[in-house]
Amino acid sequence: MYSYKIAFAALLACSLAPLSLAQTATPQPGDPQRWYQEDSTPQAQLRTLRKEIAAALGEAKKSCQQEPSATRSACLRGAQETYRQDMANAEKLREAAHPQQ
């Protein structure tokens with residue numbers, strides 16, 4: 001159950017990232033300039049996607065720690081399995097998020 005939520009959240013974040021970038025074209029005070037530079041190559045997009053997948057795993061693990069102890073280990077296993085699947089399918093996820101490249 002949790003693995004689908006994590007996978008959906010990761011895919012959603014990847015597909016909406018260009019939209020959110022377009023909405024905030026001017027940097028906010030204190031933001032690093034690199035946050036506003038779009039990944040221009042498929043390799044850079046894949047690198048960013050892998051970072052996002054790893055961050056999603058970290059968030060899922062935090063969420064699993066809030067679960068009752070009876071379901072916590074299953075939640076953690078699901079989060080780890082989703083991480084493995086997302087990493088294995090990272091190129092397909094990148095292509096879905098950036099179909100023009």
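This is a predicted model: local features need pLDDT of at least 70, side-chain atom pairs count only at pLDDT 80 or more; totals for chains, interfaces and linings use all residues.
**The disulfide**

A search of the whole structure finds 1 disulfide, and this link joins cysteine 64 to cysteine 75 with an S to S distance of 2.0 Å. The angle about the S-S bond is -75 degrees, which makes the link of cysteine 64 and cysteine 75 left-handed. Because cysteine 64 belongs to helix 2 (residues 42–65) and cysteine 75 to helix 3 (residues 69–88), the pair ties together parts that are 11 residues apart in sequence. Cysteine 64 and cysteine 75 are both buried.

**Between helix 2 and helix 3**

The loop between helix 2 and helix 3 contains glutamate 67, a residue whose relative accessible area of 16% makes it buried. The side chain of glutamate 67 makes a polar contact, at 3.3 Å, with the side chain of threonine 71.

**Helix 3**

At 1.5 Å a residue, the 20 residues of helix 3 should span 28 Å, and the end C-alpha atoms of the helix are 29 Å apart, which agrees with that expectation. The buried residues of helix 3 are Cys75, Gly78, Ala79, Thr82 and Asp86.

When its neighbours within four places in sequence are left aside, glutamine 80 is in contact with Leu57 and Lys61. Glutamine 80 and alanine 60 are 20 residues apart in sequence, while their C-alpha atoms are 8.8 Å apart in space.

**The loop between helix 1 and helix 2**

Proline 27 is found in the loop between helix 1 (2–23) and helix 2, where its relative accessible area of 37% places proline 27 among the partly exposed residues. Leaving aside its neighbours within four places in sequence, proline 27 is in contact with Gln33 and Tyr36.

**Salt bridges**

| Residues | N to O distance |
|---|---|
| Glutamate 59 and lysine 62 | 4.0 Å |
| Glutamate 81 and arginine 84 | 2.9 Å |
| Arginine 94 and glutamate 91 | 3.0 Å |

Glutamate 59 and lysine 62 both lie in helix 2, 3 residues apart, which is about one turn of the helix. Glutamate 59 counts as exposed at 52% relative accessibility, and lysine 62 likewise counts as exposed, at 55%.

In helix 3, glutamate 81 and arginine 84 are 3 residues apart, about one turn of the helix. Glutamate 81 is partly exposed at 36% relative accessibility, and arginine 84 is partly exposed with a relative accessible area of 46%.

Arginine 94 and glutamate 91 both belong to helix 4 (residues 90–97), where they are 3 residues apart, about one turn of the helix. Arginine 94 is buried, with a relative accessible area of 4%, whereas glutamate 91 is partly exposed, with a relative accessible area of 33%.

How values were computed. Residues are numbered from 1 along each chain as its sequence is written. Side-chain values use heavy atoms; hydrogens and water are left out. A disulfide is a pair of cysteine sulfur atoms within 2.5 Å. Helices (H or I, at least four residues) and strands (E, at least two) are DSSP runs, numbered from the N terminus. Buried means under 20% relative accessible area, exposed over 50%, partly exposed in between (1.4 Å probe, protein chains only). A polar contact is a pair of N or O atoms within 3.5 Å; within protein, one must be able to donate a hydrogen and the other to accept it, and residues adjacent in sequence count only if both atoms are side-chain atoms. Contact means heavy atoms within 4.5 Å. The expected span of a helix is 1.5 Å times one less than its number of residues. A salt bridge is a side-chain nitrogen of Lys or Arg within 4 Å of a carboxyl oxygen of Asp or Glu.
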